[in-house]
Each structure stands twice: as structure tokens, then as C-alpha cells.
Amino acid sequence: MDSTSAYVDSLRPAGSKRSGKRDLIVNVFLRQEGHLTADDLVDLIKREDQRISRATVYRTLQWMVDAGIARKVDFGEGRFRFEHSYRHPRHFHLICKTCNRSFEFLSSDIEALVEEVAAARGFTPRQSVLQIHGTCEGCQTGRPQVAEEGVPELLFARDALRIAIATERSGLDFYTRAASITRDARGRRVFEKLAEEEKEHLGTLEARYRQLLEQDSQLEARPTFLFFKGAANGLFAAGAEQLTKGVDDLKALMIGIRCERGSHRFFKRYGERFEDSEGKRIFLEFADEERAHLELLIREYRLLVERQRRGRRARRRPRSQATV
Ligand SMILES: [Zn+2]
Ligand SMILES: [Zn+2]
């Protein structure tokens with residue numbers, strides 16, 4: 001059994017029987033990338049099996065929407081289009097009114113803003129739709145945009161890796177600077193160790209990125225799918241900036257804790273909300289690495305506080321003995 005039929009089986013209510021016609025329709029639909037009208041799907045199905053009626057295709061399409069296999073989208077054309085959600089991350093759309101093609105993107109900043117507004121209004125968001133209507137680059141320039149089409153799952157994985165790599169780089173920069181300003185020998189070793197780890201992770205992520213590029217020769221050139229302005233690397237960049245203003249060892253550890261906590265939260269919360277996919281795994285694995293760093297920093301912070309307290313007591317003692 002391939003992974004798509006396992007996926008469809010997992011969505012079928014317990015006890016309901018498999019239907020040959022429905023399975024055929026679902027499998028044909030899952031093989032498509034892009035946004036199909038119901039009639040596009042009828043044409044595709046008729047090519048496979050003339051005996052399947054239009055009504056059966058329509059009914060199955062509705063079943064797929066209800067089961068969460070298909071998403072219904074309205075591009076303002078007076079009819080609905082459908083896209084599958086299997087390993088296809090949620091996204092927003094750019095819609096070209098000249099060639100009628102649509103392009104997908106996602107933005108962690110827009111999503112954060114939507115959540116902020118919803119939370120402020122005590123609203124539980126279920127779905128948000130963002131469409132940008134206009135003219136695509138290809139239609140404006142007359143040049144074919146070869147890189148526009150791509151498998152969304154690969155684009156998402158590519159961009160998830162780019163975000164993780166950017167975060168590792170700014171983390172590495174942060175720890176390198178922190179190590180250079182820390183006076184406490186043990187605290188300095190902790191920052192050096194973390195810088196080493198970031199370097200190693202960076203190597204692993206870059207290797208994974210190169211592997212991914214092998215799956216699609218044009219992948220690197222395709223337009224950005226996932227936009228993130230600050231996300232987690234912004235946290236480390238702000239932290240590194242703070243270090244340059246001159247801070248003590250405890251403060252440096254505290255800034256590190258804040259950066260890692262923010263980074264862990266971002267990757268965990270963002271990753272958890274996606275359908276199973278390579279991009280989701282990248283986010284969640286990265287979140288785990290950030291949590292390990294966070295725990296190490298918290299431990300070191302407490303130990304340093306303890307060492308400083310003992311140090312102060314030891315310095316005070318000879319004086320108090322002198323007064324006796
Ligand atoms: Zn166009
Ligand atoms: Zn779409």
C-alpha cells in the first residue's frame with residue numbers, strides 16, 4: 001500500500017467499506033498539483049474510467065472536502081476550485097487575472113498577526129484566507145517563468161531548512177560573541193560548546209539542504225514559498241546586538257536563555273500546526289535542538305548564580321573574622 005492510500009484509509013470512518021470508484025477518484029485527485037475545478041476533475045476521471053458519472057465525482061469531491069483531503073478555494077471566478085491537502089501545507093494565494101494562474105505562499109509574520117488580532121478579540125480562528133489579485137511576473141514581462149511550478153511539499157521543506165539554517169547562523173554568531181566577552185571560565189566554555197554545536201548542526205542542515213536540491217534541479221531557483229521576516233533568527237540577532245553593549249556573564253546567559261526559549265517556541269508552535277510533511281519534521285526536530293540548548297543554559301545560569309554567591313561569602317568571611 002502506498003502512502004497516499006494509507007492516508008485515505010486513515011480518514012475513512014471506521015467500519016465503512018472501501019469503494020473502488022471513490023478510491024480511483026481520490027487517487028487521481030491526490031496526484032494533481034494546483035487548483036482544479038470540479039469539471040477539471042471530471043475530465044481527468046473520464047480519461048481513466050468512462051463509467052464513472054459526473055454526479056459520483058461531485059459527491060466524492062464533497063466527501064473529500066468533509067474528510068479534510070480537499071480544500072475548497074474561491075478565486076472570485078464564479079466557481080470553486082479544489083486543491084488537496086495531503087502533504088500540502090496551508091498557504092495563501094497570488095492570483096493572476098491575466099493568465100488565471102494562481103501561486104502559493106505563506107508568511108509566518110502574517111500568521112502571527114492574524115493570531116494576535118484573533119486573540120485580542122477573543123476569537124478562535126479556524127481558517128484565514130488571503131488572496132492577492134493582480135498580474136503575475138510572466139504576464140508582465142512576457143518571459144515564461146519556468147521556476148514557478150514546483151511541488152509544494154519540496155518548496156516548504158526547502159524554506160523550512162532555509163529558516164533553520166538562518167537561525168543556526170545567527171545562533172552561532174551570538175555564542176561566538178558571548179564566548180569572547182564572558183570572564184567566568186566555566187561560563188565561557190558553555191558558550192564555546194554551544195557555538196561548536198551550532199556549527200555542527202549547521203553542517204547537518206546544509207547537507208540536508210543539498211540532498212533536497214537533488215530531488216528537483218530547479219528547486220533553488222523557484223520562488224520563495226514561506227516568507228519569514230524576523231521569526232527566530234531575529235531573536236538571536238537582537239541578542240548579539242545586546243551583547244555588544246557590554247553585559248556581565250549572568251546577563252549574557254540570560255540573553256541566551258531568552259533567545260533559545262523564543263526560538264524553541266517559534267519552531268514548535270509553527271511546526272505543530274502543519275500537516276505531516278518534511279517541512280514539519282524539520283521545524284519540530286529543530287525545536288528539540290533548541291530546547292536542549294535552553295535547558296543547558298538554564299542549568300549553567302543557576303550554577304553561576306550559586307558560584308557567585310559562594311564567591312561573595314568567601315570574600316566576606318575573612319573580613320568578618322577580622323572584626324571578631
Ligand atoms: Zn499571469
Ligand atoms: Zn493553493
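Biologist: Why is Pro152 called buried?

Modeller: Pro152 has a relative accessible area of 7%. The term buried applies under 20% relative accessible area, exposed applies over 50%, and partly exposed lies in between (1.4 Å probe, protein chains only). The value of 7% therefore places Pro152 among the buried residues. This is a predicted model, in which local features need pLDDT of at least 70 and side-chain atom pairs count only at pLDDT 80 or more, while totals for chains, interfaces and linings use all residues. Residues are numbered from 1 along each chain as its sequence is written, chains are lettered from A and ligands numbered from 1 in the order in which they are written, and side-chain values use heavy atoms, with hydrogens and water left out.

Biologist: Where is Pro152 placed, and which residues does Pro152 touch?

Modeller: Pro152 belongs to helix α7, residues 152-181. Helices (H or I, at least four residues) and strands (E, at least two) are DSSP runs, numbered from the N terminus. Not counting residues up to four places away in sequence, Pro152 touches Glu33, His88, Pro89 and Glu104; contact here means heavy atoms within 4.5 Å. Between the C-alpha atoms of Pro152 and Ile298, 146 residues apart along the chain, the separation is 38 Å.

Biologist: What makes Thr60 a buried residue, and which residues does Thr60 touch?

Modeller: The relative accessible area of Thr60 is 6%, so the residue counts as buried. Thr60 lies in helix α4, residues 54-67. Leaving out residues up to four places away in sequence, Thr60 touches Arg22, Ile25 and Val26. Arg22, Ile25 and Val26 are among the buried residues of α2, which also include Asp23, Val28, Phe29 and Leu30.

Biologist: Is Gln215 buried or exposed?

Modeller: Gln215 has 56% relative accessibility and therefore counts as exposed. Gln215 is found in the loop between α8 and β6 (226-227). Gln215 and Gly279 are 64 residues apart in sequence, and 15 Å separates their C-alpha atoms.

Biologist: Why are Asn100 and Ser53 called partly exposed?

Modeller: Asn100 has 48% relative accessibility and Ser53 has 31%, so Asn100 counts as partly exposed, as does Ser53. Asn100 is in the loop between β3 (92-96) and β4 (102-107). Its phi is near 65°, a positive value in a residue other than glycine. Ser53 is in the loop between α3 (38-48) and α4.

Biologist: What is the radius of gyration of the chain, and what would a compact globule have?

Modeller: The chain has 26 Å, whereas a compact globule of 324 residues would have a value near 20 Å. The radius is taken over C-alpha atoms, and the globule rule is 2.2 Å times the number of residues to the power 0.38. The C-alpha trace spans about 105 × 55 × 45 Å along its principal axes. The chain holds 11 helices and 6 strands, and buried residues make up 43% of its 324 residues.
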